[in-house]
Amino acid sequence: MSTVYDESPVDLLEVMRRMGQAALSASDALGLAATQTKNQVLTAAAAALRAHKADILGANALDLARARERQLNDKRVEAMAKGLEEIRELADPIGTVAAHWTRPNGLDISRVRVPLGVIGIIYESRPNVTADAGALCLKSGNAVILRGGTESERSNRAIHACLEAGLKAAGLPLACIQLVPTTDRAAVGLMLSGMTEYLDVIVPRGGKSLVARVRQEARVPVIGHLEGNCHVYVDRDADLAMARGIVLNAKLRRTGICGAAETLLVDRGCVATHLAPLVQDLLAAGCEVRGDASVQQVDPRVRAATEEDWYMEYLDSIIAVRIVDGVDAAIAHIARYGSAHTDSIVSGNAGTATRFLAQVDSAIVLHNASTQFADGGEFGMGAEIGISTDRFHARGPVGVEQLTSYKYVVRGTGQLRP
């Protein structure tokens, strides 16, 4: 049965309970679904997105589209459809053997990937998350309950209807991908602490306040990150032209994403040649620069950085710049102030780069590349639900493989333990 959206007063607890029960049942069916069946869903859903583009854009026009990121157009709807098709083409992780060995007693042991179960995803304004998250969970064999932001409520419903069309075409339960059918914010609280018998994991995707609330209130495991305080370290052996391009891209390509660089560290060994061009490039591009005393001497427009600046995730055209005494000092700075998200070194010295990549304990570390590559699509994952800075289970971009667990399958020939 298709989702019924009703703004009349409802017993929200009962609605969520029914969704949870349906998701559990659907999870069993989806966990056993053949790759061809799951791919059929994505093919049909992509076709539905294209066929119902006018409906989706009409729904989006009715939403409160104050922020550009919530505004859909023909190109973005097509991008969603292509995203589903890209996920369709990914290898199916379910049932794959991650490891296999035979014991001296003849026991044959395999570690096999299995779905997590039922995933709850709470996200804010971007309606494309409805398509991405639904598709990733489906491909990884997980039932999902989606709770999108109220600002994109109508858009989310229109996109979800296309996912339901895909499920129907493949003969899978519509409860495999459910969208919370109410804008009541109490639904978020119920997902966090009132549905532990139904949800196996919660994934938040949104701003710092949402993620902080989820981490504080959730009674089931959470996959996600709180902050993206990302760094670019320009080493004394860095090519200047390369460093200039990487720093500008890492900071300014999109300032509001979690992979945007927030702090630039410059090796004291290249201050005379590299610092002024890097700072002036940023200022010329309209970026506010906050720096230590040495950086302030480069240009009078540089503001004094405070201790708080080294911790900041600005998500804006602002960057903190500091001079450090070599790669060890850069590593120490990142360890103290960073958020274990994404950090990059620009250097022509392979040994120095290897040291940085080994010792910086972040989910993503890069050499001679922009931090804005912190994205599942750029990693070849088709899409992502988010970036995880956790050390348990998923870390880095969370795609289909990261939405799985494993079990051990043991085959014997009558062995008895002595």
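Biologist: What is the relative accessible area of R50?
Modeller: This is a predicted model, where local features need pLDDT of at least 70, side-chain atom pairs count only at pLDDT 80 or more, and totals for chains, interfaces and linings use all residues. Residues are numbered from 1 along each chain as its sequence is written, and side-chain values use heavy atoms, leaving out hydrogens and water. Buried means under 20% relative accessible area, exposed over 50%, and partly exposed in between (1.4 Å probe, protein chains only). R50 is partly exposed, and its relative accessible area is 31%.

Biologist: Which residue forms a salt bridge with R50?
Modeller: Side chains of opposite charge can pair when their charged atoms come close. A salt bridge here is a side-chain nitrogen of Lys or Arg within 4 Å of a carboxyl oxygen of Asp or Glu. For R50, the closest N and O atoms of the pair are 2.9 Å apart, and the partner is E78.

Biologist: In which helix is E78?
Modeller: Helices (H or I, at least four residues) and strands (E, at least two) are DSSP runs, numbered from the N terminus. R50 is in helix α2 (residues 35–51), and its partner is 28 residues away, in helix α4.

Biologist: Is K251 buried or exposed?
Modeller: K251 has a salt bridge with E262, at 2.7 Å from N to O. This pair links helix α9 (residues 240–252) with strand β8 (residues 261–267). The relative accessible area of E262 is 0%, which makes that residue buried. K251 also has a relative accessibility of 0%, so K251 counts as buried.

Biologist: Which residue forms a salt bridge with R395?
Modeller: R395 is in the loop between β14 (387–388) and β15 (396–397), and the partner is in the loop between α13 (350–359) and β13 (364–367). The closest N and O atoms are 3.1 Å apart, and the partner is D361.

Biologist: How far does helix α6 reach from its first C-alpha to its last?
Modeller: Helix α6 runs over residues 153–170 and has 18 residues. The expected span of a helix is 1.5 Å times one less than its number of residues, which comes to 26 Å for α6. The helix is close to that expected value, reaching 26 Å.

Biologist: Which residue with a positive phi follows α6?
Modeller: Within α6 there are buried residues, including I159, L163 and L167. The buried residues of α6 pack against several elements, among them α2, α4 and α5 (contact means heavy atoms within 4.5 Å). After the helix, phi is positive, near 75°, at G171.

Biologist: How many disulfides does a search of the whole structure find?
Modeller: A disulfide is a covalent bond between the sulfur atoms of two cysteines. The search asks for a pair of cysteine sulfur atoms within 2.5 Å. For the whole structure, the number of disulfides found is 0.

Biologist: How far from C137 is the nearest cysteine sulfur?
Modeller: C137 is buried, with a relative accessible area of 0%. The nearest cysteine sulfur belongs to C176, and the distance is 11 Å.

Biologist: Which are the edge strands of the open sheet of 7 strands?
Modeller: Two strands pair if DSSP finds at least two bridges between them. The order is β10-β9-β11-β8-β7-β12-β13, with parallel pairing. An edge strand pairs on one side only, and the edge strands here are β10 and β13.

Biologist: Which residue in β13 stands opposite D343?
Modeller: Strand β12 (residues 342–346) runs parallel to β13, and 4 bridges join the two. Opposite D343 stands V365.
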